Amino acid sequence: MTLLTPVHLSLIGYVVFLTLHFIDILITDELLRLGGVEYNPLARFLYSRFGVKDLFGLKIAAAVLITILFIQGAISIFLI
């Protein structure tokens, strides 16, 4: 029987993060279509000026940044 290592748990957490991030994008788009208000000034500007595609771009850029930080953290586990 194999126990989950910290790296496995980190990968599981990362997959959950990406899934929730994608769901957040879909919910945000639907709420804005129904007349909701975006309080993040950058996201509000991108959504009002360019629509949902750039709001997706902003969210994906944040996910890429967190991916880079995750990979750096996962690599540092092996270097310790």
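How many helices and how many strands are there in the protein? There are three helices and zero strands, where helices (H or I, at least four residues) and strands (E, at least two) are DSSP runs numbered from the N terminus. The model is a predicted one, in which local features need pLDDT of at least 70 and side-chain atom pairs count only at pLDDT 80 or more, while totals for chains, interfaces and linings use all residues. Residues are numbered from 1 along each chain as its sequence is written, and side-chain values use heavy atoms, with hydrogens and water left out.

**The whole chain**

Begin with the C-alpha trace, which spans about 50 × 25 × 20 Å along its principal axes, and follow the pattern α-α-α along the sequence. The radius of gyration is 17 Å, well over the 12 Å that the globule rule gives for 80 residues, so the protein is more spread out than a compact globule; the radius is taken over C-alpha atoms, and the rule is 2.2 Å times the number of residues to the power 0.38.

Buried residues make up 16% of the 80 residues, where buried means under 20% relative accessible area, exposed over 50%, and partly exposed in between (1.4 Å probe, protein chains only). Of the contacts (heavy atoms within 4.5 Å) with a separation of 6 or more, 56% are accounted for by residues 24 or more positions apart.

Select Thr-28, which is placed in helix 1 and counts as buried at 13% relative accessibility. A polar atom of the Thr-28 side chain lies 2.7 Å from the backbone oxygen of Asp-24. Leaving aside neighbours within four places in sequence, Thr-28 is in contact with Glu-38 and Leu-55.

Side chains of opposite charge can pair when their charged atoms come close. Because Arg-33 and Asp-29 are four residues apart in helix 1, they are separated by about one helical turn.

With Arg-33 still selected, show Val-52, which is 19 residues away along the chain, with 9.8 Å between the two C-alpha atoms.

**Helix 2 and its ends**

Move on to Asn-40, which caps the N-terminal end of helix 2 (residues 41–50): a side-chain oxygen of Asn-40 lies 3.1 Å from the backbone nitrogen of Leu-42. This is a polar contact, defined as a pair of N or O atoms within 3.5 Å; within protein, one must be able to donate a hydrogen and the other to accept it, and residues adjacent in sequence count only if both atoms are side-chain atoms. Just after helix 2, select Gly-51, which takes a positive phi of about 95°.

**Helix 3: Gly-57**

Finish at Gly-57, found in helix 3 (residues 52–79) and partly exposed, with a relative accessible area of 37%. Display Ala-43 as well: Gly-57 and Ala-43 are 14 residues apart in sequence and 10.0 Å apart in space, C-alpha to C-alpha.
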